[in-house]
Amino acid sequence: MVKRWYILLVLPLLASCERAFIGPQPDAEAEATFDALWTVVDERYAFFEYKGVNWDEVRSRYESSINSETGTVDLFYTCADMLNELEDGHVNLWSPFDYSRYDGFYRNSPQNFSYTVIDRNYLQGNQLLTGPLQHYLIDSVGYVYYPSMSSTLGASSIDFVLGLYQQYKGVIIDVRDNGGGNPENGFRLAQRFMQERTHIMDVVMKTGPGAEDFSAPDPVFLEPAGTFFDKPIVVLTNRSCFSATNDFASVCKVLPNVTLMGDTTGGGGGIPAEYELPNGWVVRLSVSQTLLPDGFNVEGGVPPDIQVDMDATEEANGIDSILEAALGEIVGE
Amino acid sequence: MRRLALLWVCSICWLAVSAGEPRDHFTPLKLGWSYHKAIDQGMSPLLYRGSAFAFSTGYFSQNDRSVLETNLDLHLGTISTRASNEGLTNRAYIGRAEIGVGYLRLVKSSETVRWFAGGHWANPFNFRGNLRLGNSAANYEFFSSLGASGAVQRDFEFNNRTVALTFRVRLPLFSYGLRPNYSGAFDINDQAEIQRDVFDNRKWLPIGAFTRINTRLMCSYPLKNGNLLQLGYEWDFYSYRPTHQVNAAMHSLVFSRTFKW
C-alpha cells in the first residue's frame, strides 16, 4: 500500500507533459504566416459572395511569390496586396513597420466636401462647439457638423444642439468625411429623429468556417430617446462616410422624416474583428453583414435620397453645392 | 445528459447529508503565485505564458470519514507571447475565477494512508483580454462541471505534530460550456443586446469536447490552537474543442493560513 501511495506522488509529473497537451509555438516562417493569414480570412471573412471574390484564385496568384527565402517586408506587402483584393476598408494588416489599408472606396470618387469652404464661408468662426459638434444657424436652418464618430457624442450635447434649432426651419447634419468610430454615437443622434421603436437593420454574423455558415438575420431595433426633432432633417454624406458613419446613414435611410443628400457613403457594413498571426502580426477583417430591413446590403455604401455632387466652379467660389441644395430642400427654394 | 447530471448532484448531496458525524470546520486564506500557459485559437495561434497573483478562500469540514469542501479561487495577471521573428511582445490580461464544491468519502484506510473518492461541482471562468485585438479583445471560457474526485492522504510525524500530505485529483464528467461566438466579436450595432452575445455560444458538452485534469498536492501542518498552516501546489489543464480550440494550463503555488472554527 505504501509503495502504491508513493507512485501517486509521481502524478504531478503529468504537468511536465503539458507541452504535448497544449501544443508548441507555431511556425512563424513566411510560408506558414501566409498560409495562416489566408486561412483566417477564408474561414472568417463575411463578404466573399457579396463581392464576388474567389479567394482560392487569389491565393494562387500570390502564394507563388512566397517561399522560405521571403523577407519580412516582402511578405508584408505581398499579404497586404492580397488583402486589398477584398476592397474592404475594414481589412487591415498590422506589423511593427506598417499597416495595410484599402481606401479605394473614396479615393476613386469625388471628395464632395471641403471643410475650408464650410469654415471660411459659412461658419466664419462663429460656430458653437458643443462636445464634438460644430454648429451654427445658416438661413434659419441649423447646420451641425460632426467630424468623427470616434468622438463621444453625449445625450446632453445632442439635446442642447437640437433644442437650439427646434424653433427654426430644420436642421442639416453634416457627416461628410466622417470615417467612423463607435456606432453608438450615431444611433444616439438618430434616436431623436424617431417617435417609435424602429427596426433599423439586420445583422448576419459569420458562425463557422464554411462559406454558408452565417447566422439568421438578427433584427436590430432602436428606441426613441430625448426630444423628438419634428422639423425637416437632411443628412449630408459623401464617399468618405465609412463604418459607424455608414451605420448612421443606414438608420437615417430607414427614417421617413430624414433625407440623405450628397453622395453614396463609403460602406463598411461589416463588424471588424482582429486575430493574430503566427509571427505576431494582426489581421483585421469583417465578420458580419449589415442589411437594411428591406434586405439591402450596406457594405458597398448607402445611396442618398437625393444625389448631389459638389460643383468645382462653385467650390472655387466658396460655395458648397451640397449644403446649398440641403438648405434649398428645407427652406423650400 | 441532463438527467445524468441531476443524478450526479443527488448522489453527492446524499453522501454529504449521510456524513452526519461530528466534524471540524475550517476556513483557509490562501495567497500565492500561479504560472499560466494558453493557446486560444479564437484570438491567436500563439502560445501565451505568464504569471498571476493567486488568492483563494473557502470552507471545508472534515472528520475521519469525509471531507466537504467549497472553494473560491482568483488569479489575476498578464500573459504574453514573443513572436519569434518579429521581436514583438504581445500581451494579454488574464483573469481566472473558480467557485466549486467537492465531497470526498473515505473508501479505504491503513495506519498512515487513507483513500477517498467522491464528486465535485466546479465552475471555472477564464478570461483573456488582449487589448491589441480591438473588437475581439475579450476571450473567455466558463464551464460548469460535475465530476469525479479522488484523494489519498498520508500522515507523518514532523516536529512532534501529525502532518497530513494530501494528493487530490478532479476530473469533470458532465459539463456545460460557454465561449465567445465563432467570430469572437460582439454585434456592436446592437449594444443593448451585448449581454445576449456574451452568452450566445453556450452548450452542453459531450465527453471529449471538454477535458480537464486538476491535481493538488497539499501539506497541512497543525498548530497548537487547531489552526493549520498549509502549503499547496496545484496543476490544472483543460482543453475545449468546440468553436475555436483553447488549451490552457496552470501551475499554482499557495501558502495558506487555515482557521479552525
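Helix α3(A) passes helix α6(A) in a right-handed crossing in this predicted model. The axes of α3 (residues 30–44) and α6 of chain A come within 11 Å and cross at roughly 20°. Angles under 35 degrees count as roughly parallel, and α3(A) and α6(A) are therefore roughly parallel to each other.

**Contact of α3(A) with α6(A)**

- From α3(A), the contact is made by A:A30, A:T33, A:F34, A:L37, A:W38 and A:V41.
- On the side of α6(A), the contact residues are A:L75, A:C79, A:M82 and A:L83.
- By class, this contact of α3(A) with α6(A) has nine nonpolar residues, one polar residue and no charged residue.

**Contact of α5(A) with α6(A)**

- Helix α5 (residues 55–62) of chain A packs against helix α6 (residues 72–84) of chain A at an angle of about 155°, with the axes 10 Å apart.
- Because angles over 145 degrees count as roughly antiparallel, α5(A) is roughly antiparallel to α6(A).
- The crossing of α5(A) past α6(A) is right-handed.
- Helix α5(A) contributes A:W55, A:V58 and A:Y62 to the contact, and α6(A) contributes A:T78, A:D81, A:M82 and A:L83.
- The residues of the contact of α5(A) with α6(A) divide into five nonpolar, one polar and one charged.
- A:M82 and A:L83 of α6(A) are among the residues in the contact with α5(A), and A:M82 and A:L83 are also among those in the contact with α3(A).

**Buried side of α9(A)**

- Helix α9 of chain A spans residues 155–165, and its residues A:S157, A:I158, A:V161, A:L162 and A:Y165 are buried.

**Position A:S250**

- A:S250 is found in helix α11 of chain A, which runs over residues 244–254.
- The relative accessible area of A:S250 is 0%, so A:S250 is buried, the limit being under 20%.
- Apart from neighbours within four places in sequence, A:S250 is in contact with A:M201, A:L292, A:V298 and A:V302.

**Position B:L47**

- B:L47 lies in the loop of chain B between β1 (24–40) and β2 (48–62).
- With a relative accessible area of 8%, B:L47 is buried.
- Not counting residues up to four places away in sequence, B:L47 touches A:I22, A:G23, A:Q25 and A:P26 of chain A, among others.
- In chain B, the residues touched by B:L47 include B:K37, B:A38, B:I39, B:S80 and B:T81.
- C-alpha to C-alpha, B:L47 and B:Q245 are 13 Å apart in space, and they are 198 residues apart in sequence.

**Make-up of chain B**

- Chain B has two helices and eleven strands.
- Read from the N terminus, the order of elements in chain B is α-β-β-β-β-β-β-β-α-β-β-β-β.
- Of the 261 residues in chain B, 56% are buried.
- Among contacts in chain B between residues at least 6 apart in sequence, the share that joins residues at least 24 apart is 65%.

Methods. Residues are numbered from 1 along each chain as its sequence is written. Chains are lettered from A and ligands numbered from 1 in the order in which they are written. This is a predicted model: local features need pLDDT of at least 70, side-chain atom pairs count only at pLDDT 80 or more; totals for chains, interfaces and linings use all residues. Side-chain values use heavy atoms; hydrogens and water are left out. Buried means under 20% relative accessible area, exposed over 50%, partly exposed in between (1.4 Å probe, protein chains only). Helices (H or I, at least four residues) and strands (E, at least two) are DSSP runs, numbered from the N terminus. Axes are lines fitted to C-alpha atoms, for helices over the stretch in contact, and angles run from 0 to 180 degrees between N-to-C directions. Angles under 35 degrees count as roughly parallel, over 145 as roughly antiparallel, 65 to 115 as roughly perpendicular and the rest as oblique. A crossing is left-handed if the near helix is turned anticlockwise from the far one by less than a right angle, and right-handed if clockwise. Contact means heavy atoms within 4.5 Å. Ala, Val, Leu, Ile, Met, Phe, Trp, Tyr, Cys and Pro count as nonpolar, Asp, Glu, Lys and Arg as charged, and the others, Gly among them, as polar.
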